[in-house]
Amino acid sequence: MVELTSDCQNCAALCCVGLALDKGEMFAFDKPAGVACKHLKGHKCGMHTKLESTGLKGCVQYHCDGAGQRVVQEVFAGQSWQDNPALLHPMLEAFAQMRQVHGLLALLHTAKALPLPKAQLAELVGLEAQLSPELWTPETLAAFERSEVPKTVRAFFRGLKAIL
Ligand code: SF4
């Protein structure tokens, strides 16, 4: 079973670097995507205990569906962009792709709990398998992004709406 819960201890703060923050109700300041947040200390947030009180509740609410730690531990074998800056771009690219994979897996996981007809359940299991290769690599993630798989999963959900 793929882990769909964020495990920040085994990540390398990919969300704190890779994602853009837009100043507003959820974030107290702007930060462009691909730039480390000013509060990042190593792989940890220097504001961790004060996020809500300092206008950063978006950081508390954000979950990567387990994509971050998988990119670090599985795709990059535990390496970090902080030790090897050349890894920053490929790790962030893989993080964006893995977020898609895990986002779709999380939706399929939720749908599996519904009373689905046999044919749709079989289709769902097939889609889960396509999203769950033995090992993700930068190459297989890039191939996934170019493939028809994301569109096929979205089409599956549109089809479910019609029968549920
Ligand atoms: S405030 Fe903390 S949790 Fe939010 S992006 Fe910056 S380092 Fe990450």
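## Helix packing and ligand shell in a predicted model

The axes of helix α5 (residues 118–130) and helix α7 (residues 149–163) cross at roughly 155° and come within 11 Å. Because angles over 145 degrees count as roughly antiparallel, α5 is roughly antiparallel to α7. The crossing of these two helices, α5 and α7, is left-handed. On the α5 side, the contact is made by Q120, E123, L124, L127 and Q130. On the α7 side, V149, T152, V153, F156 and L160 take part. By class, the residues of this contact between α5 and α7 are 6 nonpolar, 3 polar and 1 charged. The model described here is predicted.

A second pair of helices can be described in the same terms. Two packed helices are described by the angle between their axes and the distance between the axes. Helix α4 (residues 88–112) packs against helix α6 (residues 138–146) at an angle of about 50°, and their axes are 10 Å apart. That angle makes α4 oblique to α6. The crossing of α4 and α6 is left-handed. Here P90, A94, Q97, M98 and V101 of α4 meet P138, L141, A142, F144 and E145 of α6. The contact of α4 with α6 has 8 nonpolar residues, 1 polar residue and 1 charged residue.

The table lists the two pairs.

| Helix pair | Angle between axes | Distance between axes |
|---|---|---|
| α5 and α7 | roughly 155° | within 11 Å |
| α4 and α6 | about 50° | 10 Å |

The next topic is the ligand. Which residues surround the ligand? They are C16, C37, H39, L40, C45, M47, L56 and C59. By class, the shell around the ligand has 7 nonpolar residues and 1 polar residue, with no charged residues.

The last topic is the protein as a whole. Its secondary structure comes to 7 helices and 2 strands. From the N terminus on, the elements run α-β-β-α-α-α-α-α-α. The C-alpha trace of the protein spans about 50 × 35 × 25 Å along its principal axes. The protein has 164 residues, and buried residues make up 23% of them. Among contacts between residues at least 6 apart in sequence, 66% join residues at least 24 apart.

Key:
Residues are numbered from 1 along each chain as its sequence is written. This is a predicted model: local features need pLDDT of at least 70, side-chain atom pairs count only at pLDDT 80 or more; totals for chains, interfaces and linings use all residues. Axes are lines fitted to C-alpha atoms, for helices over the stretch in contact, and angles run from 0 to 180 degrees between N-to-C directions. Helices (H or I, at least four residues) and strands (E, at least two) are DSSP runs, numbered from the N terminus. Angles under 35 degrees count as roughly parallel, over 145 as roughly antiparallel, 65 to 115 as roughly perpendicular and the rest as oblique. A crossing is left-handed if the near helix is turned anticlockwise from the far one by less than a right angle, and right-handed if clockwise. Two residues are in contact if their C-beta atoms, placed from the backbone, lie within 7 Å. Ala, Val, Leu, Ile, Met, Phe, Trp, Tyr, Cys and Pro count as nonpolar, Asp, Glu, Lys and Arg as charged, and the others, Gly among them, as polar. A residue is near a molecule or strand if its C-beta atom, placed from the backbone, lies within 6 Å of it. A residue is buried if 20 or more other C-beta atoms lie within 10 Å of its own, exposed if 12 or fewer, and partly exposed in between; C-beta atoms are placed from the backbone.
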